[in-house]
Amino acid sequence: MKKFLLAAASLVLGTASVQAADLAAHYTKAPMMAPVYNWTGFYVGGNVGGQWGSSDLSTSTVFSPTGYFATSSVSAVNTVGAQGANSSSVTGGFTAGYNWQVNHAVLGLEGDINYFGFKGSASGSAVYPCCAPTGFTVSSSVSADWLATIRGRIGFLAAPSWLLYASGGAAIAEVRGNFNFTDTFAAATESAAIRDTRLGWTAGVGTEYAFGGGWSLKAEYLYVDLGRASATSTNLTTAGLGAFPSSVYTHSVDLKSNIVRVGVNYKFGGPVVARY
């Protein structure tokens, strides 16, 4: 009987030892800490893309009893002088800004300066209603070499490293317009130039993806409206009839553009939050 009890006890103790050994061999590591990108910080970058836009160019004059034009000629000049020009070009430049991340929202202020390359021209001719077959030609052109913007950004995180945002603010560019009038009645000529640093507005949307080490890629669309600039001239002269300063001309130019571009940014510093 004693031998039986000793054998049973040995079997129980052996089984318990094996189970204890199995339990000691199985354990689970604590999960690794994964870094989460934080958008707060100052950044710089570059961008490249394209713009396509349009401009309304206007040349008009008024009737004056001491002026050059007959009443019917004034309306004819004004009709031909209502012109439009289109432009498309490659753009590119530099960006700098600062972001503040608040939970899943990102607020920011961004500025950029870019080569704009906006250029367009138009020309039209007609016969004087009063004096056929003599007629006139109105030519005009517009250009803007550079564009700068200062914009606020507001966005939300679709994922910790993926930002969707809207942007809007001020747009600045030097807009140049050139206008010329000539005719075959008395070899009349008139010209004017506009050179104005315009303050307009811009708005758009974009997306940005951070891929590590402070680097991020972005794509965005902006609409730009630089408003209208105008000038007057009184320099109409003819070959044999002299000058007609009472024939006042008014010239104007506006500029609107759509911009699509991609870019890369580098963020300096800023916290990286760990999560499990």
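**A walk through the model**

Modeller: Let's start at one residue: leaving out residues up to four places away in sequence, F116 touches Q51, S89, V90, T91, A144, D145, W146, L147, L255, S257 and I259, where contact means heavy atoms within 4.5 Å. This is a predicted model, in which local features need pLDDT of at least 70, side-chain atom pairs count only at pLDDT 80 or more, and totals for chains, interfaces and linings use all residues. Residues are numbered from 1 along each chain as its sequence is written, and side-chain values use heavy atoms, with hydrogens and water left out.

Biologist: Which residues touch the most other members of the largest nonpolar core?

Modeller: F116, V142, L147, L226, V253 and L255 do, in a core of 19 residues. A nonpolar core here is a set of buried Ala, Val, Leu, Ile, Met, Phe, Trp, Tyr and Cys residues joined through side-chain atoms within 4.5 Å. Buried means under 20% relative accessible area, exposed over 50%, and partly exposed in between, with a 1.4 Å probe and protein chains only. A second, separate core has 15 residues, including F69, A76, A186 and A188.

Biologist: Nice. How many strands does the closed barrel have?

Modeller: The closed barrel has 8 strands, in the order 2-3-4-5-6-7-8-9, with antiparallel pairing. Strands are DSSP runs of E with at least two residues, helices are runs of H or I with at least four, and both are numbered from the N terminus. Two strands pair if DSSP finds at least two bridges between them.

Biologist: What holds paired strands together, in general?

Modeller: Strands of a sheet pair through backbone hydrogen bonds, parallel or antiparallel.

Biologist: And how many bridges join strand 6 and strand 7?

Modeller: Strand 6 (residues 162–183) and strand 7 (residues 189–212) pair over 21 bridges, in the antiparallel sense. T182 has T189 as its bridge partner, and L163 stands opposite E208. Their hairpin has 5 residues between the strands, and A187 takes a positive phi near 55 degrees there.

Biologist: What about strand 7 and strand 8?

Modeller: Strand 7 pairs with strand 8 (residues 215–233) over 11 antiparallel bridges. G204 stands opposite L222 in strand 8. This hairpin has 2 residues between its strands, and G213 in the turn has a positive phi of about 65 degrees.

Biologist: Switching topic: how many aromatic pairs are there?

Modeller: The count comes to 16. Rings of Phe, Tyr and Trp (its six-membered ring) pair if their centres lie within 6.5 Å; planes under 30 degrees apart count as stacked, over 60 as edge-to-face and the rest as tilted. Y68 and F69 are edge-to-face, because their ring centres are 5.1 Å apart and their planes at 75 degrees.

Biologist: Are those two buried or exposed?

Modeller: Both Y68 and F69 are buried. Y68 also pairs edge-to-face with F185, since those centres are 6.3 Å apart and the planes at 70 degrees. That pair links distant parts of the chain, 117 residues apart: Y68 is in the loop between strand 2 and helix 2, and F185 in the loop between strand 6 and strand 7.
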